[in-house]
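Subject: Structure handover

Hello,

Here is the structure we talked about. Please open it alongside this email.

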Amino acid sequence: MEARRDLKLEHAMLSDVGRVRKGNEDACGADAKAGLFVVCDGMGGAAAGEIASHLAVETFLKEFATRRAAKRRTSPAQLLDDAVAAANKAVITKAKTSPDLRGMGTTLVSLLVQRGEEGHEAPFEVWTAHAGDSRCYRLRKGELHRMTQDHSLVEEQLRAGLITPEEAEFSPIRNVITRAVGSQGDIDAEVHCEDALPGDLYLLCSDGLTRDLSDSDLARHLRSAGEDLELVCRSMIGEANVMGGADNITCLLVRIPL
């Protein structure tokens, strides 16, 4: 668990093995001074998923910091895209070192918080970059908004109107994702930007949380957030475990200062 104040941001993160899995293939990390946060959910046999997720988090944060330190005129979108590409290359390269690691990969969802341009109406802006079905949510004035769309077969069926949300919840292919770090040589990360307002609360999470808790459940927990964001993380993970805890569960919270 980690909770800090950097750039006047508050954040907390926690990962739990759940009640069924023997190991934890999730990973999370932060460069709070840079305003950068990331959650990964690994996949692969034996310990491969755990290796993939931790390698992706480490490489993503390091690559972003290295490129930003170069002080080139590079947009946040390009910095994030390059960091995801570096994580993708690192996982693919590592997978080639052992037969036990072949086919490993990981989802990735990240949040970058930056100060807005001088004179801009919003004091902050946030960038998301993701591949897979780990998600980012925003709670603003009590209303929950999902900022990312899953890269999964079920999500594609939903958008096409082929299945209902109720059918998606129990679909036998709900765990089949269409993009992942380490799955192929080139990765197309989805990157978006929006203004952030004082008091906005952001949640990055693996699907171990969203499989057991509905969006209304998440909103209920986030609305209860006081000064202790760690407590909210523990509360969400605790309820997910009560509801089954069939997968690893990771949540990371970031709050914009008032």
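One caution before the details. This is a predicted model.

**Helix α1**

Start with α1, residues 48-69. The 22 residues of this helix should span 32 Å at 1.5 Å a residue. The end C-alpha atoms are 31 Å apart, which agrees.

Just after the helix comes Lys71, with a positive phi of about 60°.

**Helix α7**

Next is α7, residues 229-242. This helix has 14 residues. From first C-alpha to last, α7 reaches 20 Å, close to the 20 Å expected at 1.5 Å a residue.

At the start of α7, look at Asp228. One of its side-chain oxygens comes to within 3.1 Å of the backbone nitrogen of Glu230. At the other end, α7 is followed by Gly244, which has a positive phi near 145°.

The buried residues of α7 are Leu229, Val232, Cys233, Met236, Ile237, Glu239, Ala240 and Asn241. Which elements do the buried residues of α7 pack against? Two are helices, α5 (207-210) and α6 (215-223). The others are the strands β2 (9-16), β10 (201-205) and β11 (249-255).

**Salt bridges**

The count comes to 13 salt bridges.

- **Glu239 and Arg220.** Their side chains meet at 3.0 Å, N to O. Glu239 lies in α7 and Arg220 in α6, so this pair ties together parts that are 19 residues apart in sequence. Glu239 is among the buried residues of α7. Arg220 is partly exposed, at 41% relative accessibility.

- **Arg67 and Glu63.** The closest N and O atoms are 2.6 Å apart. Both residues sit in α1, four residues apart, which means that about one helical turn separates them. Arg67 is partly exposed, with a relative accessible area of 33%.

- **Arg135 and Asp150.** Here the closest N and O atoms are 2.8 Å apart. This pair links distant parts of the chain, 15 residues apart. Arg135 is in strand β7 (residues 135-140). Asp150 is in the loop between β8 (143-146) and α3 (153-159). Are the two partners buried or exposed? Buried means under 20% relative accessible area. Arg135 has 14%, so Arg135 is buried. Asp150 has 8% and also counts as buried.

**The largest pocket**

The largest pocket has a volume of about 520 Å³. How many residues line the largest pocket? The lining has 19 residues. Nearest the centre lie Arg135, Ala168, Glu169, Arg174 and Thr210.

Two names come back here. Arg135, from the salt bridge with Asp150, is one of the residues nearest the centre of the pocket.

Best wishes

How values were computed: Residues are numbered from 1 along each chain as its sequence is written. This is a predicted model: local features need pLDDT of at least 70, side-chain atom pairs count only at pLDDT 80 or more; totals for chains, interfaces and linings use all residues. Side-chain values use heavy atoms; hydrogens and water are left out. The expected span of a helix is 1.5 Å times one less than its number of residues. Buried means under 20% relative accessible area, exposed over 50%, partly exposed in between (1.4 Å probe, protein chains only). Contact means heavy atoms within 4.5 Å. A polar contact is a pair of N or O atoms within 3.5 Å; within protein, one must be able to donate a hydrogen and the other to accept it, and residues adjacent in sequence count only if both atoms are side-chain atoms. A salt bridge is a side-chain nitrogen of Lys or Arg within 4 Å of a carboxyl oxygen of Asp or Glu. On a 1 Å grid over the protein atoms alone, a cavity is a set of points where a 1.4 Å probe fits but cannot get out, and a pocket is an open set with protein on both sides within 12 Å along at least five of seven lines; lining residues have an atom within 4 Å of a point. Grid points are joined across faces, edges and corners, and a volume is the space filled by probe spheres set on the points.
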